[in-house]
Amino acid sequence: MIYYPILSAIIFTPLVGALLILVIPRESVKTIRRVGTAFACVTLILAVIIWVEVTRIGAGETQFEELYPWIPTFGVSFHVGVDGLSAPLILLTALLTTLGLFYSARTIKERVKEYYLLFLLLEMGLCGVFLSLNLVQFYVFWGLGMVPMFLIIGVWGGERREHAAIKYFIYTLLGSMAMLLAILGVYVQTGTFEIGEAAAARPFHGAEQWTWACLAFWGLFIGFAVKMASFPFHSWLPDAHTEAPTAGSVMAAGILLKLGGYGLIRVALPLFPEVFRHFVVDVPVIPILAVISIVYGALVCMAQWDLKRLIAYSSVVHMGYVSLGVCAAAASVGMLDSQEVLNLATTGLSGAAMQMFAHGIIIGGLFFLAGILYEHAHTRDLKAFGGLARQIPYYYGIMLVACLAGLGLPGLCGFWGEFFVLRGAVGFIPPYAFVGVLGIVFAAAYTLWKIVQHIFLGQFDRRKWGRLRDMAWWEKVTMWPLVLVMVVFGFYPAPILELLNAAVMTLLKGLP
Amino acid sequence: MHLTWLIPLFPFLAFVAITLGAHRDKMTSRRLAVGAIVVSFVLAQVIFWKAVLPPVSGGDAVFESVVGWFLIGTAVFRASVWVDPLTAVMLFTVPLVCLLAFVYGAGYMREDPRYGHFFAHLSLLAAGTLGLIVSGNLLMLFLCWETLGLCSYLLIGLRFDDEAVYRAGLRAFLVTKVGDVFLLLGLCLLYAATGSLAYDDVFSAGTLARLARTSFPLIGGLSLPALPTIALLIFGAVVSQAAQFPLHVWLLDAVEGPTPASAIIQAVATAPAGVYLMARCSPLYTAVGGEVQTVTMAFGVFTALFGALTAIAQDDVRRVLACSTISQLGYAVAALSAGAYVAGVFHLVTHAFSKSLLILGMGSVTHGMKHSLLSQGEGVLFEPHDVKNMGGLARWQPVTCLAFVAGTLSLSGFPLFTTGFWSQERILEAAYETHHPAIFWALAVAAGLTAFYAARLLCLVFLGRPRSEVAASVQESERSMTAPLVVLAVLAVCLGWGGVLPDWFYRFVGDGYAAGAVYFTWQPLTISTVSALGGLLVGYLAYGRRPLRAGQMERLEAGMRRIRLGRLYDALRHCFYLDRFYQATFVRGTVALAHTCADFDRRVPDGAIGFAAGAGHAAAQAASRFGEAAIDRAVSLVARAGRAAVRAVDRFDEAVAKGAVNLTSKVGQAAAQAAVRFDETAVDGAANFIARMGQVTSQAADRFDALVIDRAVSLTGRALWVLSELSALLDPRVLTPLANVVGYAARTLSSASGLFDTRVVDGAVEGVGSAVRAGGRFIRPIQTGRVQNYILIAFISILVLVAMYFTMVYFAWW
C-alpha cells in the first residue's frame with residue numbers, strides 16, 4: 001500500500017530537482033547533470049510504482065486521488081488522480097525524460113544548467129497534464145509544458161531554431177487559447193471546472209444550445225488537434241521537431257504530441273460525446289482529417305531528404321491513427337448499451353491509447369537514433385549516406401528494429417495500436433478504415449526505401465565514411481530500454497492493454 | 001504446455017542468439033541454426049506421428065492448446081496452437097525441407113562473409129513458417145505471415161552493396177505488403193463481425209451462417225455483405241503471397257536471394273503460405289461459394305497458364321524455377337477454388353519436395369559455375385545463371401544431374417510413380433468436375449507446358465557439350481550439398497509409388513471434407529498422362545536430341561522468330577513487362593504524388609496559423625467599421641490594428657516562410673523600444689503581426705477555396721462579427737475600466753520585462769545569492785529580445801481575448 005501522496009510526489013519531484021539545480025553554481029556542470037538525471041530517475045521509479053499499483057488495485061477507477069482547494073471561489077482546485085489511461089503515459093514521460101537527460105549529458109555542452117532545469121520543468125508540466133482532473137489545472141500544466149519546450153527549441157536547437165520555436169509557440173498558443181475559451185464556456189455553463197462533474201452535467205445539452213456546444217467542442221478540438229499535429233494544423237511540427245535538440249525532439253514527439261490525443265480521450269469525448277459523434281458520423285470532418293493525416297503525411301514523408309524531418313512527418317501519420325481510433329469510439333456514442341458495440345468501441349479507443357504509448361517509444365527511439373547519426377556524421381541528408389550497414393552494423397541493427405516497429409510490423413509494439421484502431425474503425429466507420437490502411441503500405445515504403453536503403457544499403461564510400469564510429473556505450477544504454485519495450489510489448493501487450501482497456505471501458509460506460 | 005509450442009520456438013531462439021552475438025563466429029552460428037532446426041524437426045515428427053497413428057475422425061483438431069494472451073474489450077484473446085490433418089502433413093513437410101535446406105546452406109554459403117546473419121535470417125524464416133503452420137488463430141498466423149515477408153527482405157538484402165539486389169528486395173517486400181494490408185483488413189472485419197479469430201470459432205458453421213447475414217455500412221446507405229468481402233480481402237492476401245498474377249512480380253525479384261533461402265521461400269515458406277491460408281480458410285470459401293469462387297478460380301487458372309508460358313522463355317535458371325512456382329501455386333489455388341481441398345493441399349506437399357529439389361539442384365549447378373568462374377577469372381559480365389552458358393554438366397555433376405532428373409519427372413507429373421502425378425491428376429479431375437471446358441483445358445495445357453519447360457531446362461543444363469569455358473571445368477558440389485539433394489530426390493519420387501501413400505493422404509486429410517471414395521475418370525487421367533509425357537517428349541526432341549551449341553540461338557526463340565513471333569517471345573521472356581509497367585505507373589505515380597504533397601506542404605500557408613490570423617484580420621476589419629472615435633481606446637486599438645493591416649498589405653510581397661522570419665525580426669526590433677514606449681509600439685507590432693498573418697491567410701483562402709480552411713475562416717469571421725456587434729452595444733462605462741485594467745497589466749508587464757532585460761544583460765555573471773539574479777540567469781538564454789516580446793504579446797492577446805470572452809459571456813447571460 002502507498003501511504004503518501006504519490007501523485008503530488010511525481011509532479012513535484014522534478015520541480016524540486018529544478019529548484020535544486022537553480023542553486024547549484026553553473027560551473028559545476030557535473031553536479032548539475034547528476035542531480036538532473038537523479039531526479040528524473042526518482043520520477044521514473046515513482047512512475048513504475050504507480051503502474052504496478054494501478055494494475056494491482058484496478059485500472060478502471062481513478063486511484064490515489066488528491067484534492068486540495070486552490071481558488072475555491074471559482075471552483076479551481078488542485079485535483080489529481082491516475083487510472084489505466086494516464087499511468088502508461090506517465091511512465092512514458094518519466095522514461096523518455098530519464099533517457100533524454102542521460103543522453104544529453106554527453107551532447108549538451110553549453111548552458112547546461114538552464115537545459116536541465118527546463119527539462120525537469122517540462123517533465124513536471126507533462127506529468128501534471130496527464131494527472132489533472134480539473135480543467136484549469138489541466139490548462140495550467142498544459143501551458144507549463146509548452147513554455148520549456150519552446151525555450152529548448154529556441155535556445156539549443158539547430159540552425160533555424162528561432163523560426164521553428166516561434167512557429168511552434170504561436171501555433172500551440174493559438175490552440176490553447178481556443179481550448180481556454182472552451183473551458184471557460186464549460187465553466188460558465190456547468191459552474192464547475194472538475195472534468196468528471198462537468199461531463200456529468202452535460203454542458204450545452206439540448207437542441208437550443210447546439211451551436212454553443214459545437215463552438216465549445218471545436219475550441220477543445222482545435223486545441224488538441226494542434227497539439228497532436230492533425231492535418232491542417234500540423235505545419236509547426238516538421239520545423240519544431242527538426243530544429244529541436246535530440247532529446248528535445250524525443251520529448252516533443254514522444255510526449256507532447258500525446259497531450260493532444262490524451263485531451264481528446266479524456267476531455268473532448270466525455271464532455272461533448274454527442275457533438276463529437278455528430279462530427280464523426282453526420283458531418284464526417286474529423287475522420288476525414290484523420291485519414292488525410294495518415295495518407296498525406298505518409299506521402300510527404302516519402303519526399304523528404306532530411307532524416308529528422310522525415311521522422312517528424314511520420315508522427316503525423318501515426319497520430320492520424322490515434323484520431324481514427326477516437327473517431328471509432330465517438331461513432332459508437334448512443335449505442336453503447338449493447339455489449340457488442342461497447343466491446344468494439346473499447347477496442348478502437350484502447351487501440352488509440354496503445355498507439356500513443358507505442359508511438360512515444362518508437363518515435364523517441366527514432367529521434368535518438370537520428371541524433372546519434374547526426375552527432376557522428378554531422379549531416380542528416382539521406383543522399384549523403386550509403387552502404388553504412390558495413391561500417392556501423394550495431395547502429396544498423398537497432399535502427400532496423402525501430403524502423404520495423406514504426407511501420408507496424410507484428411511482433412513489435414507498433415502493430416497493436418494500428419490493429420486495434422483498424423478493428424474498431426471497420427466496425428463503425430469502415431470507409432475511413434479502408435483508406436487509412438493505405439498508410440501501412442506507404443509507411444513501409446518510406447521507412448525501408450528512404451531510411452534503411454539510403455543510409456545503410458548500396459555502395460560504401462570508404463573515404464567519406466571510413467572513420468564513422470558505431471554506437472558508443474552510452475548510446476547503447478539509451479537505446480536498449482526502448483528496444484526492449486518495443487519487443488516485449490510487441491509479443492506480449494497484455495500488461496499495458498490491461499490498464500488501457502479497463503480505463504477506456506469505464507470512460508465509455510460513462511458516455512450516453 | 002504442449003510440445004507444439006516449442007516447434008517454432010527453437011529456430012526463433014537461434015535467430016536471437018545469432019543476431020545478438022554469435023554471428024561473429026561462423027561455426028557457432030551454423031551449429032546453433034542447424035541444431036535448432038533439428039530439434040524442431042524431431043518435435044514436428046513426434047507431433048506428426050502422434051496425429052497420424054491413432055485413427056482420427058473428421059476434420060476436427062487432433063489437438064489444441066490454448067493460453068490467454070491479452071484482454072481487449074470484454075474478451076480475452078487467446079493464443080493457441082492447433083494440429084489438424086492439414087497442420088500435421090505440413091508439419092511433416094516443412095521442417096524436413098527446412099532442415100535439408102539448412103544443411104545445404106552450410107556448404108553453399110561457406111565463403112560468404114555474412115554467414116552468421118544468413119543463418120540468423122534463415123532461422124527466423126523457419127520459425128515464421130513453423131509458427132504459421134501450428135498457430136491456432138488468424139492473428140498469430142498474421143504475425144508469422146509478416147515475419148515471412150520481412151525474412152525475404154532481409155535474406156535478399158544480405159548482398160546490400162549490389163543495387164539491383166537490394167532494390168529487388170524492397171520491391172518484394174512492398175508487393176507482399178500490399179497483400180498484407182488486404183489480410184489485415186480482412187482480419188479486422190472478421191474480428192469486428194465475430195469477436196474472435198480462432199479457427200474453431202470463425203470457421204464453425206454457426207459463425208459462418210451468422211456472417212452470411214451480416215453487412216458493414218458504407219457511405220450513403222450502401223453496405224458491404226460481410227462474407228464475400230472478407231473472403232475477397234483474404235484472397236487478396238493469397239494473391240500477393242502465393243504470387244498469383246498481377247502480384248506475382250515479387251517472386252521473380254526474390255530469386256536474387258541466396259539459393260537455400262529461395263528454396264525455402266518458394267517451396268515451403270512465403271509463397272506456399274498463401275495457398276496454406278486459402279486451404280485454412282476453405283470453410284469460408286465453401287460457405288461463400290458462387291461468384292467469389294469464380295473469381296478465385298479465374299486467378300488460379302490464369303496464373304497457372306501464365307507462369308508456365310513465361311517459364312518456357314526464361315534463360316536465367318532461377319527465373320525458370322520462379323515462374324514454375326508461380327504456375328504451380330496457381331494450380332493449387334485453382335484446385336482449392338474448385339472445392340478440391342485435398343488435391344490442393346496434396347499439391348502443396350508434392351510441390352514442396354519437387355520444387356525444393358529443383359532449386360537446390362540448380363543452386364548446386366550455379367555454385368559450381370561460380371567457383372569455376374572464380375578460378376578462371378573470367379570477366380564480370382559473365383552470367384553464371386544463364387543456361388546459354390551451361391551445357392553438358394551431367395558429366396561433371398552426376399549426382400546433381402540424377403537428382404535433377406527426379407525433380408523434373410516429379411514436377412511434370414510423370415505417370416504413376418512420381419508424387420507429382422498424383423496431385424496433378426487429382427486437380428485435373430476436379431477441373432473436369434466443374435464442367436467448364438475452358439478451365440480444364442487451360443490447366444491441361446499448363447501441365448503440358450510444365451513438362452516441356454522442365455525437360456528444356458534439364459536438357460539445356462546437363463546434356464550436350466559445355467557452351468562456355470566456365471561450364472567445362474565445373475566440379476561436383478560438396479557432400480553437404482549433394483546429400484540433401486539425394487534425400488529430396490528419393491522423397492519426390494518414392495512417395496508416389498503405386499499410389500499407396502497418396503491414397504492414405506487422401507483419406508487422412510480428406511476425412512470430413514470430400515466424402516466418398518477416390519475415383520478416376522478416364523478423360524482427365526488420359527489427358528494428364530498425355531500432357532506430361534507429351535511435354536517431356538517435345539522438350540527432349542527440341543533440346544535433347546540435338547543439343548544447343550555455343551553461340552547458337554535458343555531453339556524456341558529461333559522458331560518463334562522464324563514465324564514472326566519474336567515480339568511475343570520477348571514479351572514472354574520479360575514476363576510481359578509487368579514489372580516495368582508497375583515501375584512506370586504505381587511507383588513513379590506514388591513518388592510524384594509524394595513530391596506534389598511535399599511541395600504543397602511547403603508552400604501552402606500553414607493551416608491553423610492562417611486560420612487564427614484570418615480570424616484576427618476579420619476582427620480588425622469588423623472593428624474598424626465602427627470608426628476610430630468609437631466607444632473607447634479598446635476598440636480604437638483594434639481599429640489601429642486594422643489600419644496597420646491595410647498598410648501591411650502593400651508592403652507584404654515576400655514568400656510565406658521568409659515573411660515569417662522577417663516578421664519575427666521586425667517584431668523583435670519593435671520590441672527593443674517596448675520598454676520605453678510600450679503602449680504605442682507593442683500594439684503596433686501586434687497589429688502588424690495579425691495583419692500579416694491575415695494577409696497570408698486571405699491569399700491562402702483564395703487559392704484553396706474549396707478547402708476546409710476557407711470554411712473555417714468564414715465561420716470564425718462570422719463569429720467574430722457577431723462578437724463585434726455585441727461589443728458595439730457595449731456601454732463605454734463598462735469597457736473603459738476594463739481597458740484600463742488591460743492597459744495597466746500590459747504596462748506592469750512591460751516594466752517588469754524591462755527590469756529583466758537590464759538585470760539579465762548586466763548581471764550575467766554569477767549570483768547564487770539573490771533569487772532575482774538567479775531568475776535573470778535562467779532567463780538569459782531566451783533574452784534574444786524577440787522571444788521575450790513574443791511572450792509578452794502572447795500574454796496580452798490572451799488577456800484581451802479572455803476579457804472579450806468574459807464580456808460576451810456576461811452579455812449572453814444578461
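I looked at A:Lys383 and found its charged end over the ring of A:Trp305, 4.6 Å from the ring centre. A charge sits over a ring if NZ of Lys or CZ of Arg is within 6 Å of the ring centre and within 35 degrees of the ring normal. I also noted A:Arg106, whose charged end sits over the ring of A:Phe102, 5.8 Å from its centre.

This is a predicted model, where local features need pLDDT of at least 70, side-chain atom pairs count only at pLDDT 80 or more, and totals for chains, interfaces and linings use all residues. Side-chain values use heavy atoms, without hydrogens and water.

Next, ring pairs. I searched the whole structure and got 66 aromatic pairs over all chains. Rings of Phe, Tyr and Trp (its six-membered ring) pair if their centres lie within 6.5 Å; planes under 30 degrees apart count as stacked, over 60 as edge-to-face and the rest as tilted. I checked B:Phe245 and B:Phe302: their ring centres are 4.8 Å apart and their planes lie at 70 degrees, so this pair is edge-to-face.

How exposed are the two residues? B:Phe245 has 23% relative accessibility and counts as partly exposed. B:Phe302, at 43%, also counts as partly exposed. Buried means under 20% relative accessible area, exposed over 50%, partly exposed in between (1.4 Å probe, protein chains only).

Last, I listed one aromatic cluster: A:Phe415, A:Trp416, A:Phe419, A:Phe420, B:Trp69, B:Phe70, B:Phe77, B:Phe142 and B:Tyr191.

Note on methods. Residues numbered from 1 in each chain as written. Chains lettered and ligands numbered in written order.
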